Amino acid sequence: MIRVSRIIERIAASRAETAGHKAMACSHEIQGKAVLITGCDSGFGLALAKHLHNLGFTVFAGCLLKDKNGEGAKELLSLCCNRMKVLQLNVCSQEEVRQAVEFVTKNLEDPGKGLWGLVNNAGIATFGDVEFTSLDTYKEVAEVNLWGTIRVTKAFLPLVRESKGRVLCMASMLGRMGCPSRSSYCVSKYGVEAFSDCLRQEMYRWKVKVITIEPGNFIAATGIYTKERVENRGQDMWEQASETVRADYGKVYFSHQVAKMKAFVSSGVKDMSPVINALADALTSKYPYTRYNPMDTYYWIKVQVMSHLPAAIADRIYI
């Protein structure tokens with residue numbers, strides 16, 4: 001047990017040292033560069049919009065609830081700075097995406113230089129065993145996390161290619177490994193990983209860098225899911241399940257799964273800065289990583305085990 005602990009400590013130290021060397025790498029000039037971020041109503045998107053603005057970027061902050069006077073949009077608008085431009089953007093709406101392209105093109109300082117960065121951050125999450133998860137739920141999660149990423153990227157790629165800039169796709173550690181009761185989310189994030197890999201290879205000839213961000217457990221920091229939402233979601237799933245599924249799984253098992261998810265939403269890293277710093281480095285470094293893994297050492301090791309060991313062995317360790 002002591003040897004395992006020491007190995008983990010050495011891995012953590014090595015990752016910190018690597019991050020330190022990376023921080024000293026050359027960076028691009030920020031002045032005059034513009035970045036579009038989706039999902040700026042809260043969480044990573046809101047924090048990143050403020051951070052990039054402070055660094056000197058012109059930020060186009062896409063907010064789902066801008067037209068409904070959402071708190072995130074109001075906070076960004078309160079900065080009263082011409083480098084912070086807040087726009088209505090539902091990534092599931094082709095029309096709103098089209099309008100966003102028009103807005104960004106019209107408000108770029110120099111449209112001929114294009115858009116330096118696109119950050120596909122908008123996302124939603126839910127839970128539920130496969131037999132308790134409806135097809136509509138799978139479609140809803142994928143519509144935002146996967147199809148929203150694809151829809152926005154396709155619309156803004158001409159502007160990003162113009163600048164030889166960056167496309168950042170927010171995936172997840174659950175885009176690299178499966179997790180019981182999280183299949184709808186995993187499916188969407190595995191899709192983001194595949195889309196990013198294909199696009200990265202296609203964009204080499206255009207000198208556009210496509211970068212994937214794979215955060216660990218930051219649910220407590222972002223508040224993407226709450227205990228109340230878990231409870232309501234649990235009630236809906238149980239009521240909508242067939243009699244056969246309810247009888248086979250049983251109420252005791254189901255209640256235990258809901259309780260585990262309630263505990264999970266209070267867990268994880270409470271400081272968003274590792275993710276925000278990774279996103280900022282991906283936008284500013286001349287030599288960004290292809291993938292960033294802002295996560296604690298436990299989850300970093302778990303991702304490596306689940307990704308590289310034979311599935312039968314990995315499952316015995318963690319499931």
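**Sheet, helices and cores in a predicted model**

Mentor: In this predicted model, α11 lies across β1, β4 (117-120), β5, β6 and β7, running at about 160° to β5.

Trainee: What makes 160° the angle between α11 and β5?

Mentor: The angle is taken between N-to-C directions on a scale from 0 to 180 degrees, and for α11 against β5 it comes to about 160°. Helix α4 (residues 94-107) lies across β1, β2 and β3, and runs at about 160° to β3.

Trainee: Why are β3 and β7 said to stand at the edges?

Mentor: The open sheet has seven strands in the order β3-β2-β1-β4-β5-β6-β7, with parallel pairing. β3 and β7 (291-292) each have a single partner strand, so one side of each is left without a neighbour in the sheet.

Trainee: How do you know that β6 and β7 pair?

Mentor: Pairing requires at least two bridges, and two bridges join β6 to β7; therefore the two strands count as paired. Thr-212 stands opposite Arg-291 in β7.

Trainee: Which residues have the most contacts inside the largest nonpolar core?

Mentor: They are Ile-37, Leu-52, Leu-76 and Leu-279, in a core of 34 residues. Each member must be buried, that is, under 20% relative accessible area, and joined through side-chain atoms within 4.5 Å. Elements giving two or more residues to this core include β1 (34-37), α2 (43-55) and α3 (71-77). α11 gives the most, with seven residues.

Trainee: What is Ile-37 in contact with, beyond its neighbours within four places in sequence?

Mentor: Its contacts include Leu-48, Leu-52, Val-59, Phe-60 and Val-119.

Key: Residues are numbered from 1 along each chain as its sequence is written. This is a predicted model: local features need pLDDT of at least 70, side-chain atom pairs count only at pLDDT 80 or more; totals for chains, interfaces and linings use all residues. Side-chain values use heavy atoms; hydrogens and water are left out. Buried means under 20% relative accessible area, exposed over 50%, partly exposed in between (1.4 Å probe, protein chains only). Helices (H or I, at least four residues) and strands (E, at least two) are DSSP runs, numbered from the N terminus. Contact means heavy atoms within 4.5 Å.
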